Amino acid sequence: MALTVAFEQRAGHVLLVERDPQVAAVWHTILEGDADWLAEAILDFEMDQESLNDALRRPALTSEELAFQTILKNRTHRGGILAPGAGKVKHGENGKGLRSRWYPATIRRRILDIAEIRERITFIEGDGLEVARQYAADPSAVFFIDPPYTASTKRAGSRLYLYSEVDHEELFHIASTFAGDFLMTYDNAPELRALAARYGFDTELVAVKSTHHAEMTELLIGRNLDWAR
Ligand SMILES: C[S@@+](CC[C@H](N)C(=O)[O-])C[C@H]1O[C@@H](n2cnc3c(N)ncnc32)[C@H](O)[C@@H]1O
């Protein structure tokens, strides 16, 4: 969402906030670091089980190396999951196994395209709630918030993210203080619909595809979602 806003210049500036150090390394590298190194490392990589194990076993000494490992994991772990203990892709799309989501030329191009517009984007490795509080009173700021799902939707024992716990109630409270507009995308959980009602926010269900291509619904939350109907 943020990248589209930046590419299409729909905002003067884009601020991205993410807490997971693995994901953060990708943004640090593309937006402030050696994006060319990352892009070429991806293109040069021979994807097979042995080189993957080797690449992931090596300690990452730089942000660039951690970014590379993050992308390798995201593309070869089941559902793109980065959290410790994530399973590997077994058969993948069309039975192509490990390589089924490894599109090196496309990933390289995407990284270089984002790096081209890096001056439009600032990345903060930190707490999104904290940053949201800092900008809450700014009427020129709009917020797109894509939090981890609530516990009621996450399958027991499954963990998609290293940081999968968010104070949902506090997030709604902060949103109620925004001078500008906002949009949240969430799981369709009863407690979120109740929170939205309590704060007088609008909600709308949208059909989305999960990482396993199953149809599911997500909940949009905002002040006025007439535009989505
Ligand atoms: C549903 S994912 C959204 C990812 C992102 N919108 C994207 O499309 O790549 C939720 C993300 O929120 C991050 N996260 C969890 N708590 C956070 C916090 N307090 N501040 C910033 N990011 C957080 C997780 O690490 C995870 O990457």
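**Notebook: contacts, cores and ligand shell**

I began with Val 142: leaving out residues up to four places away in sequence, Val 142 touches Gly 180, Asp 181 and Phe 182. I note here that the model is predicted.

I then checked the distance for one of these pairs. Val 142 and Asp 181 lie 39 residues apart along the chain, and 5.1 Å separates their C-alpha atoms. I placed Val 142 in the loop between helix 7 and strand 3 (143-145).

**Whole chain**

I listed 9 helices and 6 strands in the protein chain. The radius of gyration came out at 19 Å, close to the 17 Å that the globule rule gives for 229 residues, so I recorded the chain as being as compact as a globular protein of that length. Along the principal axes, the C-alpha atoms fill a box of roughly 55 × 40 × 30 Å. I found that 18% of the 229 residues count as buried. Of the contacts with a separation of 6 or more, 64% are between residues 24 or more positions apart.

**Nonpolar cores**

I looked next at the largest nonpolar core, which has 20 residues. Which members touch the most others? They are Val 26, Trp 27, Ile 30, Leu 38, Ala 67 and Ile 111. I traced the core to strand 1, helix 2 (21-32), helix 3 (35-44), helix 5 (63-76), helix 6 (104-116) and strand 2 (121-125), each of which supplies at least two residues. Helix 2 gives the largest share, 6 residues. I also noted a second, separate core of 7 residues, including Met 184, Leu 195, Phe 201 and Ile 221. As background, nonpolar side chains tend to be buried together in soluble globular proteins.

I took Trp 27 by itself. Not counting residues up to four places away in sequence, Trp 27 touches Leu 16, Glu 18 and Phe 123.

**Helices 2 and 3**

I listed the buried residues of helix 2 as Val 23, Ala 24, Ala 25, Val 26, Trp 27, Thr 29 and Ile 30. Their cover includes strand 1, helix 3, helix 5, helix 6 and strand 2.

For helix 3, I found Ala 35, Leu 38, Ala 39 and Ile 42 buried. Why do I say that the buried residues of helix 3 line one face of the helix? Seen down the helix axis, they fall within an arc of 95 degrees. I found these residues packed against helix 2, helix 5 and helix 6.

**Ligand shell**

How many residues surround the ligand? I counted 14, and the closest are Arg 19, Asp 20, Gly 128, Asp 146 and Tyr 163. I sorted the shell by type and got 8 nonpolar, 1 polar and 5 charged residues. Strand 1 (14-18) and helix 7 (128-135) each supply at least two residues of this shell.

**Gln 9**

Last, I looked up a backbone angle. Phi of Gln 9 is near 50 degrees, a positive value in a residue other than glycine. I found Gln 9 in the loop between helix 1 (2-7) and strand 1. Is Gln 9 buried or exposed? With 10 other C-beta atoms within 10 Å, Gln 9 is exposed, the cut-off for exposed being 12 or fewer.

Methods. Residues numbered from 1 in each chain as written. Predicted model: local features only at pLDDT ≥ 70, side-chain atom pairs only at ≥ 80, totals over all residues. Near = placed C-beta within 6 Å. Helix = DSSP H or I, 4+ residues; strand = E, 2+ residues; numbered from the N terminus. Nonpolar A, V, L, I, M, F, W, Y, C, P; charged D, E, K, R; others polar. Core = buried A, V, L, I, M, F, W, Y, C linked by C-beta atoms within 7 Å. Contact = placed C-beta atoms within 7 Å. Arc of directions from axis to C-beta. Rg over C-alpha atoms; globule rule 2.2 N^0.38 Å.
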